[in-house]
Amino acid sequence: MKSLIAITLTLIFGGAMLTMTTSSIEPSINNAKGTHHSDKGGYINTAADFTEETAILPLLMRYATEKRVDAEPEQMQPIIELTSKQLMELPSDQDRVIRLGHSSIFMQLDGKRWLIDPVFSERASPFSFIGPKRFHPTPISLKDLPEIDGVLISHDHYDHLDKATIKHLASTSTQFIVPLGVDKHLLRWGVAANKVQSLDWWESFNLGSTKITATPTQHFSGRGIFDKNETLWASYVIESQQNKIYFSGDSGYFAGFKEIGERFGPFTLTMVETGAYDADWPTIHMTPEQSLQAHIDLRGETMMPIHNGTFDLAFHSWYEPLERIVKLANDADVKLATPMMGQGLTLKNNKPLSATEYWWRTEPQREMALAL
């Protein structure tokens, strides 16, 4: 069984591991193709220290044999259930961010409703019967969602791009914004071409009064063994009339965070990947220490750690990323927001916000589980 799970995880991670008021695309800040475009087609990471030298067979052996500690919760996690009526009745003059799980986010910005990397399926997997299974239900079901105006996709891995969710939204008036190449998946799943906007890094798209800019990350792409890096991966700068928000997608730590911070910061809120890290893949995911530094580089006011708390995707305990980032943020005097799934944050004109909830500490001994 463990071997089958290991093989499934290999497949999952790419063979290696309502009406718009205005709608426009802006030209790239850098008009020529960037160095992240491979001469052979597809896309590459360009940092000098980037490495893809993870040996697959030893990694599979780890999945098959390594003893795990608290890989998933022993009891149901607390969540705040949401209804369509609640989301539709949010004040239109408030920017609101609600974490749905893992890296899935609901936002209301400038009166419009958005989803980021929405995954509503039971598993982040190409299969319905095996692969990482969610620890908790979504705070709202897919069928109960109100009408969504825009969807942002950071890259095409299964824990960020969910076929069932996209097919459900395809019949609506939702506008999809994706990195280059990811549009091919959406078109194949029934999304109309005029509803999909593909962006290269540093390109922008306006939906109403909200401006979305795709920005660099250091990661990779692919949904199978033979399509690695055929599509681009991206983070997003999200600018409403009141706030600037950053969403990291998946990324290793790299100099791009500082460049994004210099170009676009400061940010009211940064949503930064903090989870699924490991020494065997050090340049495609960040440790909590690196996630905090990324937030500082970005010139963020408040940090919300994402990419944790929903799926088992690495070897660390499921709650370790949250415990570590809380201590690091406290030590560095960084404002942290760790809302429960379904709990909302109201963003107020670039004023710092903080809402640290220790929702993962559902058992007393968990507070002493890490030697921090």
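A residue is called buried when its relative accessible area is under 20%, exposed when that value is over 50%, and partly exposed in between, as found with a 1.4 Å probe and protein chains only. By this rule Ala170, at 8% relative accessibility, counts as buried.

The structure described here is a predicted model, in which local features need a pLDDT of at least 70 and side-chain atom pairs count only at pLDDT 80 or more, while totals for chains, interfaces and linings use all residues. Residues are numbered from 1 along each chain as its sequence is written, and side-chain values use heavy atoms, with hydrogens and water left out.

Helices (DSSP runs of H or I, at least four residues) and strands (runs of E, at least two) are numbered from the N terminus. Ala170 is found in the loop between helix H4 (163-169) and strand S6 (175-179). If neighbours within four places in sequence are left aside, Ala170 is in contact, meaning that heavy atoms lie within 4.5 Å, with Trp189, Gly190, Val191 and Lys195.

## The nonpolar cores

A nonpolar core is a set of buried Ala, Val, Leu, Ile, Met, Phe, Trp, Tyr and Cys residues joined through side-chain atoms within 4.5 Å. The largest such core in this model has 58 residues, and those with the most contacts inside it are Val97, Ile105, Met107, Ile238, Met271 and Met304. Apart from this core lies another, of 25 residues, which includes Leu87, Leu142, Leu145 and Leu169.

Ile105 shows what such a position looks like in detail. When residues up to four places away in sequence are not counted, Ile105 touches a list of partners that includes Val97, Trp114, Phe247, Met271, Met304 and Ile306.

## Helices H7 and H8

Helix H7 (residues 288-297) and helix H8 (residues 320-332) pack at an angle of about 50°, with their axes 9 Å apart. Here the axes are lines fitted to C-alpha atoms, for helices over the stretch in contact, and angles run from 0 to 180 degrees between N-to-C directions. Angles under 35 degrees count as roughly parallel, those over 145 as roughly antiparallel, those from 65 to 115 as roughly perpendicular and the rest as oblique, and H7 and H8 are therefore oblique to each other.

On the side of H7, the residues that meet H8 are Pro288, Glu289 and Leu292, and their partners in H8 are Pro321, Arg324, Ile325, Leu328, Ala329 and Ala332. Sorted by class, this contact has 7 nonpolar, no polar and 2 charged residues, where Ala, Val, Leu, Ile, Met, Phe, Trp, Tyr, Cys and Pro count as nonpolar, Asp, Glu, Lys and Arg as charged, and the others, Gly among them, as polar.

Glu289, which is found in helix H7, is partly exposed, with a relative accessible area of 38%. Leaving aside its neighbours within four places in sequence, Glu289 is in contact with Arg324 and Leu328. Pro288, Ser291, Leu292, Ala294, His295 and Asp297, by contrast, are buried in H7. The buried residues of this helix pack against helix H6 (256-264), strand S12 (267-273), strand S13 (300-306) and H8.

## A buried charged residue

Glu239 lies in strand S10 (residues 235-239) and is buried, with a relative accessible area of 17%. Not counting residues up to four places away in sequence, Glu239 touches Ser209, Thr210, Lys211, Thr213, Lys244 and Phe264.

## Backbone details

Some residues have a backbone angle worth a look. Just after H7, Arg299 takes a positive phi of about 65°. Asp117, in the loop between strand S4 (112-116) and strand S5 (150-152), has a positive phi near 40°, and at 0% relative accessibility it counts as buried. Asp333, in the loop between H8 and strand S14 (335-338), has a positive phi near 55°, and at 71% relative accessibility Asp333 counts as exposed.

A cis peptide bond, with omega about 0°, joins Gly265 and Pro266, and Pro266 is found in the loop between H6 and S12.

## Separations along the chain and in space

| Pair | Apart in sequence | C-alpha to C-alpha |
|---|---|---|
| Glu289 and Arg324 | 35 residues | 8.2 Å |
| Ala170 and Leu186 | 16 residues | 8.3 Å |
| Lys85 and Asp144 | 59 residues | 9.2 Å |
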